[in-house]
Amino acid sequence: AIADYLSRDLPYPLSSEDVYITQGCRSAIEVALTCLSRPGANILLPRPGFPRYEYYASFCRLETRYYDLLPEKSWEVDLEAVEALADDNTVALVIINPGNPCSNVFTYQHLQNVAKTAKKLTIPVIADEVYGHLAFGNNPFVPMGVFGSTVPVITMGSISKRWTVPGWRLGWLVTTDLTGLLIQSRDTFSNVVLICNLLLMYQGAIPNIIEKTPEEFFSRIIDTLKRASEICYGRIKEIPCLSCPVKPEGSFFMIVKLNLSLLEDIADDTDFCLKLAKEESVITLPGLTMGLKNWIRITFGTEIPFLEDGLERIKAFCVRHAKVQLA
């Protein structure tokens, strides 16, 4: 069922042998990095990005090397940096699309360039698509597997985000590899999946969930996220010490830059988040945890009244801590 579902967006069909069931997307990350690790190996991660990759890479003794996402180019991958960072010991390039925390959605052309770069470096692309299809901006979601004839792609996803069932820890790792370079890794994937995962009692429900969920369900979610993102983006623009360089286009996060020169007694992004939580009971994530100091991540994936209340509290906090401007 998962192979059929993912094949809808690809120019070639997937088989059940291409799909490995995992306990959520986090487990898929662990499986992929475990299978690719070897002595002296390194992996290329996005900055900012999802911190779990760094944790699992450290556990697998993989060196982490970070390439930047470029805010002036809608958070595209810095492909020149990728080429400069890679060497003979590089085992994979990780991308997250739609983006967490940047809320960006890569264009077809940019993903094609990512594929060409990875082919040149002879490394597979790990495509984290846990927010796949949660795109509401100008760029439609394009799965990286579309370029499986150019470069091997390891796609990771789960049922939790698009179907809004976060308690259901069911994800997948999928290989799209028309080049045949990942054939030797298939047995390793299977063995590690067996070790890391337990049989989930609701696995049997997945075919019905995938096949019978009406499109109206997904449309309502997209409409809600789009409205919430517009509210969040608009309110942030009203706060002088905060700025968001790119309008959100996917997932349900946005990353916001702090202008500390306009704030009194706020040392950095961690200090901002701690004091905001203490004074206003609003939780945001320091950018430092994602590799981008003095930025914060805000989620707009909540009910509109709660979102508006939270944004008002953030605004009140920033006003209260604003530096007095001398005439």
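Which domains does the domain assignment of the chain give? In this predicted model, for which local features need pLDDT of at least 70 and side-chain atom pairs count only at pLDDT 80 or more, totals for chains, interfaces and linings use all residues. Residues are numbered from 1 along each chain as its sequence is written, and side-chain values use heavy atoms, with hydrogens and water left out. The assignment gives domain 1 (1-212) and domain 2 (215-321), the bounds being taken from an automatic or database domain assignment.

The centres of domain 1 and domain 2, taken over C-alpha atoms, are separated by 27 Å. To the contact between them, domain 1 contributes 26 residues and domain 2 contributes 25 residues, where contact means heavy atoms within 4.5 Å. The size of an interface is often given as the accessible area lost when the parts come together. Here domain 1 and domain 2 bury about 2,200 Å² between them, with 65% of it on carbon and sulfur atoms; buried area is the accessible area (1.4 Å probe) that two parts lose on being put together, summed over both. Of the area that domain 1 buries against domain 2, 30% is supplied by Pro101, Ser103 and Phe136, more than by any other three residues.

Across the interface of domain 1 and domain 2, the rule finds zero salt bridges, a salt bridge being a side-chain nitrogen of Lys or Arg within 4 Å of a carboxyl oxygen of Asp or Glu. The rule does find 13 residue pairs in polar contact across this interface, both residues at pLDDT 80 or more. A polar contact is a pair of N or O atoms within 3.5 Å; within protein, one must be able to donate a hydrogen and the other to accept it, and residues adjacent in sequence count only if both atoms are side-chain atoms. On the side of domain 1 that touches domain 2, the residues divide into 13 nonpolar, 10 polar and three charged, with Ala, Val, Leu, Ile, Met, Phe, Trp, Tyr, Cys and Pro counted as nonpolar, Asp, Glu, Lys and Arg as charged, and the others, Gly among them, as polar.

In the whole structure, a search finds 13 salt bridges. One of them joins the side chains of Arg65 and Asp87 at 2.9 Å, N to O. This pair links distant parts of the chain, 22 residues apart, with Arg65 in strand β3 and Asp87 in the loop between α4 (79-85) and β5 (90-96); helices (H or I, at least four residues) and strands (E, at least two) are DSSP runs, numbered from the N terminus. Arg65 is buried at a relative accessible area of 19%, whereas Asp87 is partly exposed at 31%, where buried means under 20% relative accessible area, exposed over 50%, and partly exposed in between (1.4 Å probe, protein chains only). Glu63, Arg65 and Asp87 are linked in a network of salt bridges.

The side chains of Arg235 and Glu308 meet at 3.8 Å, N to O, in a salt bridge; because Arg235 lies in helix α8 (residues 215-237) and Glu308 in helix α10 (residues 304-320), the pair ties together parts that are 73 residues apart in sequence. Glu280 forms a salt bridge with Arg320, the closest N and O atoms lying 2.9 Å apart. Glu280 belongs to helix α9 (residues 269-280) and Arg320 to helix α10, so this pair ties together parts that are 40 residues apart in sequence. Glu280 is buried, at a relative accessible area of 13%, while Arg320 is partly exposed, at 45%.

The loop between β5 and α5 (108-121) holds Asn97, which counts as buried at 1% relative accessibility. A polar atom of the Asn97 side chain lies 3.0 Å from the backbone nitrogen of Phe106, and residues up to four places away in sequence not being counted, Asn97 touches Asn104, Val105, Phe106, Leu111, Asp128, Glu129, Phe141 and Val142. The peptide bond from Asn97 to Pro98 is cis, with omega near -10°. Ser103, in the loop between β5 and α5, has a phi near 60°, a positive value in a residue other than glycine, and counts as buried at 1% relative accessibility.

The peptide bond from Arg47 to Pro48 is also cis, with omega near 5°, and Pro48 is placed in the loop between β2 (42-47) and α3 (52-59). Arg61, in the loop between α3 and β3, has a positive phi of about 60° although it is not a glycine, and counts as exposed at 74% relative accessibility.
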